[in-house]
Amino acid sequence: MKTQVVMAATSLATSAAAAQQNVLPLPPMGFNNWARFMTNINESIFVDAAEAMSKNGLLKAGYDRLNLDDAWSTMERAKNGSMVWDTAKFPKGLPWLTQFMKSKGFIPGIYTDAGNLSCGGYPGALDHEAIDLKDFQDWGFEYLKMDGCNLPDDSEATYREVYSRWPKVISEASRPMVFSDSAPAYFSNQKNLTDWYSVMVWAAEYGQLARHSADVATYPKGNGWRSIMFNYGQNVRLARFQKPGFFNDPDFLIPDHPSFTMDEKKTQFALWCSLSAPLLLSADIPSLSKDIIDFLTNKDLIAVNQDKLIEQSTLVSQDGTWDVLTKNLENGDRLLTILNRGASAADLKVSWERIGFSTKALGNSNIQIKDLWTGKTSKVAASAGGITASKVPSHGTAVFRISKTASPVTATGMIFNTNTLKCLTDDKSGKVTWAACNAADAQVWAVRADGHINSLLRPDECIVDAKGKILSRHSGCRSDSWTYKISGNVINNVSGKCLTEGTDGSATAESCGYLLNEQVVALPVGVKVVEK
Ligand code: GLA
């Protein structure tokens with residue numbers, strides 16, 4: 001009898017752990033009040049959002065989360081230590097609200113802060129982790145955003161200790177909880193990014209989401225375009241961390257921010273979909289225009305966001321005007337995303353090699369592509385040399401889904417230092433340096449499955465560690481292969497040295513240090529990332 005009870009308890013614990021492990025296989029989609037309403041949070045915002053999303057097609061399209069942000073509580077805890085919801089804002093109470101949400105087909109989420117006080121000055125969860133988690137779950141919440149204001153001090157060690165309490169209490173609970181970790185945001189945008197990288201490494205172990213950098217512009221202030229370009233720019237530095245069950249979070253979609261043009265709003269959506277980032281709307285849902293609902297419910301783009309591989313598109317090239325990104329999709333298709341940052345509409349052709357294909361392997365086939373904005377499919381002859389995006393509006397983004405071709409895919413794109421943002425650059429003589437990104441063939445690298453790396457300028461030469469100097473040499477395609485680590489280090493398999501950026505822009509191979517600015521590098525998605 002006793003053994004049976006123990007066994008039953010163990011299997012319950014195992015199934016809870018398994019459920020927690022698989023708690024967020026795909027990027028979350030839904031609504032959060034913060035960027036649109038800030039501390040003016042209340043019951044009717046959520047009730048109205050739920051009603052509107054049920055009617056306007058958002059729920060059906062997959063937006064099924066309703067997340068409360070800061071300022072839902074009173075300023076004091078109850079005598080028993082519990083947080084108390086503000087009855088002026090939530091007259092029917094949070095258990096009623098979560099029940100209501102669930103009855104409409106939504107999953108409720110809540111916010112707190114790992115420190116003494118939230119960013120808005122409400123009680124924080126420090127030293128109340130177990131009671132708060134229990135209350136949130138008893139009230140019906142299944143998603144927890146954990147902000148990082150007001151910790152005892154600003155050190156990485158303190159953040160690590162305080163945040164590490166959460167996976168522990170969550171694993172001890174009988175129900176799973178999505179854990180969104182904002183700690184990285186408190187270490188981003190610094191001159192020395194070592195702490196940011198460290199925090200990202202443990203955030204990927206502790207939870208399912210990392211709010212890694214700045215807040216998007218809050219309504220109606222700020223410059224929407226600048227704000228989303230900034231967050232996108234932070235996200236592309238972190239692609240190596242994204243994996244099934246863990247997502248880089250560049251913050252909310254803000255489709256009704258008044259400073260945005262329609263093309264800019266659509267660009268935010270196209271980029272967030274390409275990145276497989278969370279699609280959490282912070283907008284006044286009942287008053288969103290039909291145009292906005294139409295693009296937010298674009299099935300083809302949502303399919304790319306929710307693609308089971310959940311690869312984060314990475315940069316093929318960047319030159320100040322155009323950003324070109326690619327990634328793989330689960331069925332063998334390839335995604336091509338082309339952002340025009342320039343001041344006027346223009347065309348851009350992207351070659352097959354840049355997309356990751358071999359022109360030779362494509363032979364004389366026709367390649368089927370779908371324009372995900374128009375839904376139109378067309379055939380492009382291999383002889384065309386690549387895909388041309390026509391008349392991409394200023395601040396607009398073209399997205400093409402390329403059906404599986406006869407060519408194998410090689411991870412191809414920029415190799416850049418995620419601190420200086422300098423691009424690894426080949427030259428005709430094979431002298432490799434770090435330079436401002438300019439989209440030249442010398443800066444587009446094929447990272448082959450066997451670990452050899454060649455630029456498109458010198459496709460028959462691969463980079464080698466030549467006594468500490470990085471050169472591209474024919475012999476390199478046999479001798480020198482490289483391994484990419486979750487640390488962001490690119491390690492030479494022969495010398496064991498790390499690809500390094502010198503202060504003079506030289507590319508060298510040096511002893512690997514701990515998450516050093518000069519050694520943390522972004523590689524195109526599809527390259528195997530070694531976790532330890
Ligand atoms: C921080 C977060 C925001 C929001 C506010 C609430 O700034 O980054 O997303 O949660 O706190 O105070």
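These entries record what I looked up in the structure.

**Basis of the entries**

I worked from a predicted model, in which local features need pLDDT of at least 70, side-chain atom pairs count only at pLDDT 80 or more, and totals for chains, interfaces and linings use all residues. Residues are numbered from 1 along each chain as its sequence is written, and side-chain values use heavy atoms, with hydrogens and water left out.

**Domains**

I noted three domains in the protein chain: domain 1 (29–308), domain 2 (315–402) and domain 3 (411–522). Their bounds come from an automatic or database domain assignment. I then took up domain 1 and domain 3, whose centres, taken over C-alpha atoms, are 36 Å apart. To their contact (heavy atoms within 4.5 Å), domain 1 brings 11 residues and domain 3 brings 16 residues.

**Interface of domain 1 and domain 3**

I looked up the buried area, which is the accessible area (1.4 Å probe) that two parts lose on being put together, summed over both. Between domain 1 and domain 3 this is about 1,100 Å², and carbon and sulfur atoms give 54% of it. On the domain 1 side, Y197, R237 and R240 supply 55% of the area buried against domain 3, more than any other three residues.

I did find seven residue pairs in polar contact between domain 1 and domain 3, both residues at pLDDT 80 or more. A polar contact is a pair of N or O atoms within 3.5 Å; within protein, one must be able to donate a hydrogen and the other to accept it, and residues adjacent in sequence count only if both atoms are side-chain atoms.

Helix α8 (residues 194–206) gives the most to the side of domain 1 that touches domain 3, with three residues. Helices (H or I, at least four residues) and strands (E, at least two) are DSSP runs, numbered from the N terminus.

**Disulfides**

I recorded four disulfides (cysteine sulfur atoms within 2.5 Å). One joins C119 to C149, with S to S at 2.1 Å. The torsion about its S-S bond is about 100 degrees, so the disulfide of C119 and C149 is right-handed. C119 lies in the loop between β3 (107–113) and α6 (129–139), and C149 in the loop between β4 (143–147) and α7 (156–172), 30 residues apart.

**Salt bridges**

I noted a count of 23 salt bridges. One of them pairs D132 with R77 (2.8 Å, N to O). D132 is in helix α6, whereas R77 is in the loop between β2 (65–67) and α5 (94–103), 55 residues apart.

Note on methods:
Salt bridge = Lys/Arg side-chain N within 4 Å of Asp/Glu carboxyl O.
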